[in-house]
Amino acid sequence: MDNEIIEEYNKIKDKISKEEFLEKMKLMQKDYEDVSFMNDLDIARMVVGTYIDEKNDSLSDSEEHAMDKIAKLETGAQNLNVIGRVMGISNPRNFKTRKGKAGKLCNIKLADDTGEIRVVLWTENIKLLKNINEGDVIQVNKVEVKDGYRSKEIHLQPRSTIETLSSQDYPDLPQYSEPITAINDITPDTEVNIIGRLIRIPSIRTFERNGKEGQVTSLELQDETGKISYTLWNKDTDLIKTLDLKEGDSLKILSASARERNGEISLSHWEGRIIKGDFEVPDFEEKILKIGEAHEIKDVSLMGIVTKIQDTISFERADGKSGSVKSVEIADDTGSIRVTLWGDDTNLEINKGDIVKITGGNIEFDEYASSGYRVNTNWNTQILTNPEDEDPALIELLKEYKNQLGPIKIEQVQEMEDDGEEVDLLGRIITIYDPREFQRDDGTMGIVRSGDLADETGMIRLSFWDDKAKTNLEIGSPFQIENARTRMGLYSVELNIGKTARVIQLDEDAVGDLPSFSELEEMIYVKKKIDDLEEDDRNIRLIARIIDLQEPNEFQRQDGTPGVVRNMEIGDETGAIRVSLWDDKAELMYEVGDAIKIENPRVSFRNDQIELSVGNNTKILSAQENDLKDLPSFDELEDIIYKAKNIGELEDDDKNVKIEGVLKDPFGNKILSARCPSCNNRLEQTEDEYICDYCGEDVEKPKYLLMIPARIEDDTEEISITFFAKLAEELIGMTTDEVAKIIEDSADEGALEGKVEDLNGITLKIIADVSFDEYNEEIRLNPKKILSKSL
């Protein structure tokens with residue numbers, strides 16, 4: 001036991017042992033474990049109080065030492081009885097104990113002819129207020145005096161009581177008066193009582209100060225002379241719920257603190273009291289301003305239907321703290337206006353088509369707004385979504401407008417003729433490509449990502465910019481796109497999805513009649529066979545197998561940027577076609593024999609034949625099981641596409657013919673061709689330097705093309721043939737780099753002539769195309785694949 005508790009025990013040591021005293025303390029501690037103001041010394045004093053009457057053990061019964069007046073009270077005094085007049089009663093305030101349990105706290109302002117003191121009542125004492133009002137003379141019994149925040153305070157204990165006394169018996173106590181001040185007569189730095197009607201209850205907002213989070217809201221009150229805000233801080237915001245405050249209630253506010261800020265006077269709730277009753281105040285008649293009548297004015301009420309929503313934008317304030325802002329547009333039958341929301345209000349659940357009531361907003365001039373004005377909200381603005389108790393006629397009118405706000409169909413967008421039109425769409429992501437970084441004119445980096453959206457009326461190209469490019473966009477998922485802007489593309493209208501646009505992923509039960517992903521694919525893409533393709537075909541789908549696949553080749557574009565291209569050949573039962581895979585598509589992991597689905601390739605006519613180009617605008621996928629029912633196997637395709645012919649039967653437009661013959665006269669004196677690494681054109685050598693006639697620049701290290709010219713013959717005839725690049729490497733059994741090193745080291749272009757001549761007489765089985773050599777006026781073979789070689 002510490003010394004103070006020992007002193008308390010010594011008062012009753014002749015009546016109880018120390019062990020019994022500690023045991024009683026322990027039991028009482030359990031009884032009062034949720035009373036935050038009770039410490040071990042308070043518990044000890046309560047145990048002592050059950051054995052002796054402290055009044056008999058006070059310092060003295062003499063008038064000199066009696067604490068019978070407020071001015072005489074001393075900190076630490078216990079079991080006192082104090083008489084005074086109630087000059088004020090606060091509303092009970094909620095709090096949490098150290099163990100997280102709920103408690104209540106209330107203050108009484110008590111006065112006598114010597115001074116004034118605050119009386120603190122805790123959870124157990126709140127019930128004593130039931131029959132006490134301002135102006136009553138009371139006696140508080142068995143209380144303790146403690147040091148408070150500003151001065152001494154009287155604290156009630158669990159055993160304390162309050163008695164109501166007759167005012168006539170205490171004529172010397174100060175009189176209580178309750179003067180009511182008109183709102184327009186309130187002056188700063190005063191404490192006033194007012195009666196007014198509650199006309200607005202804004203939402204409770206959070207704030208941070210000194211690392212702690214607080215809450216605040218400002219009620220709007222009105223009497224016959226004007227309006228004023230009444231601010232509740234932190235736990236006092238609970239009064240809205242505990243007093244069941246509603247707009248339209250008549251209230252009496254006692255002991256409100258008035259202050260002036262930015263030229264406006266407001267009230268704050270500190271030690272005051274809110275009394276809900278039937279007081280004489282004018283009924284409130286709210287005026288809803290028509291949006292078309294907007295002009296610069298403060299504290300207005302508007303109501304309209306939400307026609308546009310922008311995503312929240314985060315920013316950093318001058319003090320380094322983060323902030324957020326969001327814009328919505330509302331409209332009524334007279335016009336539309338932009339509403340700016342700040343802070344917590346950006347988290348409000350507001351959707352396009354909702355009816356929103358703004359109370360306490362300020363209309364400001366805005367040169368960028370189509371109406372010339374905007375509504376700026378503040379922390380005292382009330383924002384209600386889909387209010388029920390409002391003008392029924394206006395609500396019905398706004399609901400009719402909702403039917404006009406739905407997203408439009410893609411075919412309607414494609415009929416638009418101007419850039420910058422703002423539209424809303426609902427559809428499924430059909431195609432989505434990887435984000436791509438780019439540099440703007442001002443040097444900053446941006447991100448763009450392309451994709452296609454489809455509904456039952458068609459498909460449209462979307463470009464997602466910067467933050468929108470980071471949205472999770474899964475193929476097949478339904479999205480609602482809001483505030484997208486039209487852009488006139490080369491062939492059709494496209495849409496930009498930028499900062500002011502919204503990308504909203506929908507649940508399947510919210511898409512209405514939107515077709516499924518597979519249904520949309522069938523609607524959008526025309527399925528074609530290879531033999532049916534025509535130049536400039538669009539939105540086509542091919543199901544085919546890879547019958548040849550070459551290695552990727554890197555190159556440099558004219559603007560200096562690097563590129564990659566990879567060629568492959570695909571086939572179906574109608575024929576075969578060459579496909580060029582560009583950049584990212586060149587990295588796709590496919591193998592010869594794989595069945596693939598290509599959607600929306602570019603179809604062009606090149607080198608007297610139809611070819612396909614697969615870039616960012618094309619989707620290439622593995623074919624699914626249901627795609628393969630009409631597609632032959634790889635072996636079947638080889639038999640269909642690769643027609644075996646004798647050399648004597650060849651014609652100058654034959655494609656994919658299978659030739660078997662003996663290699664003759666392979667030429668090995670000059671098998672490397674120096675090429676420009678930038679443009680791949682042939683280089684001219686001047687002494688020890690290479691010059692590209694096309695680029696006009698000296699080339700320090702050329703790129704080499706390996707080539708082996710020869711002839712091939714069978715029983716019917718012979719024909720010229722030249723093997724290039726990979727086929728030449730396969731034929732000679734060496735890589736181009738290995739060949740180049742031998743020739744460079746020996747400085748002899750014919751260093752491998754003997755090795756090439758060793759190929760004379762081998763039997764080859766190849767796949768090749770036939771072309772006409774105008775210079776020699778003969779047909780020749782362009783080999784595409786070596787099927788086998790043998791001696």
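Helices (H or I, at least four residues) and strands (E, at least two) are DSSP runs, numbered from the N terminus. This is a predicted model, in which local features need pLDDT of at least 70, side-chain atom pairs count only at pLDDT 80 or more, and totals for chains, interfaces and linings use all residues. Residues are numbered from 1 along each chain as its sequence is written, and side-chain values use heavy atoms, with hydrogens and water left out.

**The annotated OB domain**

- An unreviewed UniProt entry carries the annotation "domain: OB" for residues 82-155 and 300-366. Such annotations may be inferred rather than shown by experiment.
- Residues 300-366 are 66% strand and 0% helix. The end C-alpha atoms of this span are 17 Å apart.
- Residues 82-155 are 62% strand and 0% helix. Here the end C-alpha atoms lie 11 Å apart.

**Salt bridges**

- The whole structure holds 50 salt bridges. Each is a side-chain nitrogen of Lys or Arg within 4 Å of a carboxyl oxygen of Asp or Glu.
- Side chains of opposite charge can pair when their charged atoms come close.
- Asp113 and Lys69 form a salt bridge at 3.1 Å, N to O. This pair links distant parts of the chain, 44 residues apart. Asp113 sits in the loop between strand S3 (102-112) and strand S4 (115-122). Lys69 sits in the loop between helix H3 (40-49) and strand S1 (80-89).
- Asp113 is partly exposed at 43% relative accessible area, and Lys69 is partly exposed at 30%. Buried means under 20% relative accessible area, exposed over 50%, and partly exposed in between (1.4 Å probe, protein chains only).
- Glu718 and Lys664 meet in a salt bridge at 3.0 Å, N to O. They too link distant parts of the chain: Glu718 is in strand S44 (residues 718-724) and Lys664 in strand S38 (residues 657-664), 54 residues apart.
- Glu718 is partly exposed at 27%, as is Lys664 at 23%.
- One network of salt bridges with shared partners joins Glu521, Glu522, Arg541, Glu599 and Lys619.
- Lys246 pairs with Asp244 in a salt bridge, with the closest N and O atoms 2.5 Å apart. Lys246 is partly exposed at 45%, and Asp244 is partly exposed at 40%.

**A negative surface patch**

- Asp2, Glu4, Glu7 and Asp40 gather in a surface patch of negative charge. Patch residues have over 30% relative accessible area and no salt bridge, and like charges are joined within 9 Å.
- Asp2 lies in the segment before helix H1 (3-10). Asp2 is partly exposed, with 44% relative accessibility.

Definitions and conventions:
Patches are made of residues with over 30% relative accessible area and no salt bridge: like charges are joined within 9 Å, nonpolar side chains (Val, Leu, Ile, Met, Phe, Trp, Tyr) within 5 Å. Accessible areas come from the Shrake-Rupley method with a 1.4 Å probe; for residues, only the protein chains shown count as cover. Lys and Arg count as positive and Asp and Glu as negative; His and the chain ends are not counted. The place of a charge is taken as NZ of Lys, CZ of Arg, CG of Asp or CD of Glu.
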